[in-house]
Amino acid sequence: MSDITFIRAESVTTEPRLARGLLIGGTMALIAVLLFAPLIAVFAEALRQGWAASLDALASPDARSAIRLTLIVAAIAVPLNAVFGIAAAWAITKFDFRGKAFLITLIDLPFSVSPVVAGLALVLLFGAHSTMGAWLIANDLKIVFAFPGIVLATMFVTFPFVARELIPVMIEQGRAEEEVALTLGASGWRVFFTVTLPNIRWALLYGVLLCNARAMGEFGAVAVISGKIRGETTTMPIMIEMLYNEYLSVAAFSLAAVLALLALVTLTLKSLLEWRHADVLAATRRH
Amino acid sequence: MRASLLRSPSPLPGFGLSFGIMMAILSIVVLLPLSALLGRGLMIGPADLWDMVNSRRIWSALELSFRAALIASVFNLVFGIVLAWVLVRYRFWGRKLVDAAVDLPFALPTAVAGISLTALYAPNGVFGQALAPLGIKVAYTELGIWMALIFIGLPFVVRTVQPVIEELDREVEEVSATLGARRTYTLRRVVLPTLAPAALTGFALALARSVGEYGSVIFIAGNIPNLTEIAPLLIVIRLEEYNYDAAAAIGIAMLLISFAMLLAINLIQIWSRRRIGLV
């Protein structure tokens with residue numbers, strides 16, 4: 001009896017078999033064309049002249065300096081954004097103060113600003129013709145068309161990633177555990193490292209992962225502020241553009257394939273985190 | 001002690017330190033640069049700003065950026081809802097792989113996506129050759145810009161709608177069926193309105209992202225002035241000419257139009273939430 005009602009309930013809350021088949025077939029075909037084809041094309045184009053040509057292109061001084069620069073920029077920008085994310089999440093979720101909603105809007109702001117506009121804004125602030133720029137030149141400091149500018153641009157476009165992951169998780173976890181630890185005599189830092197950090201570590205890792213993927217791949221903002229000085233301010237995406245525009249297709253796609261591999265690693269780690277720690281990350285997905 | 005007027009007391013330490021770090025980094029990275037942009041606009045003055053933006057080439061670029069972003073985001077809105085539904089409700093081979101792959105556009109650098117899409121859709125590419133006999137040209141036309149923006153905006157709606165579908169109460173659909181509603185009617189009148197606020201959030205995120213998108217578009221667009229030249233590219237061109245005022249004017253125009261659009265979407269969202277009785 002109960003079996004019968006179950007089957008009936010099931011059949012009225014889903015679509016007819018044919019419709020389901022068509023929907024699955026249709027969406028998967030679109031996914032194949034829209035997502036998988038571009039991914040496969042990167043590797044196919046990179047290996048067009050064989051492995052040797054591809055590896056040679058990656059061993060060239062230009063490619064190597066681009067890879068090095070991208071790694072260094074990410075190694076600075078990502079930890080800084082993690083520190084920002086943790087500080088912002090702590091201030092926002094552990095205390096009540098006025099203007100909190102506005103502050104969260106400001107943190108999210110970089111997501112609705114074009115990377116090119118971000119680069120432009122940084123050039124206007126630190127460029128040679130501005131007050132700040134004149135002072136920087138007088139003190140022999142360079143931000144625009146130099147390494148610090150690339151780091152700032154990268155931080156701008158990846159700004160909300162860590163904070164956005166941490167804030168919902170920390171709101172859900174509340175303040176009680178930290179307050180108990182304080183009552184038991186733990187110092188502030190001890191509370192953070194032994195109570196808060198273990199609670200948020202997976203969400204933190206998740207945010208850092210996404211932040212890193214975007215940081216290594218940022219193009220628009222870096223293109224504007226780096227000045228594209230070959231071998232000096234060319235990150236991997238900028239180098240890809242240069243090689244591509246010089247019709248060095250295999251070299252461009254080889255470098256692109258390295259970034260695509262990195263994207264695949266990011267996706268794998270991200271999926272593992274989502275499957276293993278669904279309980280913690282559920283809070284971030286609901287927002 | 002002034003802080004105590006603005007915030008309620010808490011036994012937890014570290015407010016000053018965490019708030020300080022947050023405001024310092026927020027100011028240097030985001031607020032000061034954006035103020036510099038807006039300040040530049042104020043210095044130029046509204047009349048001159050208008051003169052600088054008011055040219056055929058800039059209007060075409062702005063119009064193209066917003067039109068292409070809108071078309072791509074509407075596609076992604078519809079496709080995203082259907083895909084999220086298929087991924088949550090149906091069981092089929094390869095589902096988990098596709099579920100993980102939906103985030104590919106977030107992870108794949110835009111420049112990589114740009115050259116790869118161009119390789120596919122160029123006249124000598126795999127898709128380009130297949131479409132040529134049909135008389136369809138994708139690369140170096142506006143269609144190519146749509147394809148690039150569809151690619152980069154694909155995950156947004158899927159990822160906002162998916163958790164809502166997971167939490168949908170199937171009993172509501174049962175009740176609707178018991179009361180005699182056909183499945184399509186239940187989907188349209190019961191399920192879809194519940195998904196609307198989340199779908200709109202995803203749509204707004206995708207739209208904001210696509211309007212400003214640069215890396216994936218410039219390779220496939222062909223960049224012909226008045227035809228396939230997007231607004232961010234025009235900013236880059238002006239900057240390369242060291243014409244900072246003109247670049248700032250276009251940047252400010254883009255900011256203003258984006259914010260107006262996001263505001264409109266927020267209002268629609270509040271309206272749709274009220275209509276289905278949430279909030």
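Colleague: Where is the place of A:Gln173?

Modeller: A:Gln173 sits in helix α9 (residues 160-173) of chain A; a helix here is a DSSP run of H or I, at least four residues, numbered from the N terminus. This is a predicted model, where local features need pLDDT of at least 70 and side-chain atom pairs count only at pLDDT 80 or more, while totals for chains, interfaces and linings use all residues. Residues are numbered from 1 along each chain as its sequence is written, with chains lettered from A and ligands numbered from 1 in the order in which they are written.

Colleague: How many other C-beta atoms lie within 10 Å of A:Gln173?

Modeller: We place C-beta atoms from the backbone and call a residue buried with 20 or more others within 10 Å, exposed with 12 or fewer, and partly exposed in between. A:Gln173 has 18, so A:Gln173 is partly exposed. A:Gln173 and A:Thr93 are 80 residues apart in sequence, yet 9.6 Å apart in space, C-alpha to C-alpha.

Colleague: Where does α2(A) bend?

Modeller: The bend is the angle between axes fitted to the seven residues ending at a residue and the seven starting there. For α2(A) that gives about 40° at A:Phe36, and a proline, A:Pro38, follows within four residues.

Colleague: Which residues of α2(A) are buried?

Modeller: A:Ile31, A:Leu35, A:Pro38, A:Ala41, A:Val42, A:Glu45 and A:Ala46. An α-helix has 3.6 residues a turn, so residues three or four places apart point the same way. The buried residues of α2(A) pack against α3 (50-59) and α14 (249-276) of chain A, and also against helices of chain B, including α7 (110-121) and α9 (142-167).

Colleague: Which residues have the most contacts inside the largest nonpolar core?

Modeller: Such a core is a set of buried Ala, Val, Leu, Ile, Met, Phe, Trp, Tyr and Cys residues joined through C-beta atoms within 7 Å. The largest one has 175 residues, and A:Leu120, A:Ile240, A:Leu255 and A:Ala256 have the most contacts inside it. Helix α4 (residues 61-94) of chain A gives the most to this core, with 16 residues. Beyond its neighbours within four places in sequence, A:Leu120 is in contact (C-beta atoms within 7 Å) with residues that include A:Val224, B:Leu37 and B:Ile235.

Colleague: How many residues does the contact take from chain B and from chain A?

Modeller: 76 residues come from chain B and 83 residues from chain A. On the chain B side, helix α2 (residues 15-44) gives the most, with 15 residues. That side has 58 nonpolar, 10 polar and 8 charged residues, where Ala, Val, Leu, Ile, Met, Phe, Trp, Tyr, Cys and Pro count as nonpolar, Asp, Glu, Lys and Arg as charged, and the others, Gly among them, as polar.

How values were computed:
Two residues are in contact if their C-beta atoms, placed from the backbone, lie within 7 Å. Helices (H or I, at least four residues) and strands (E, at least two) are DSSP runs, numbered from the N terminus.
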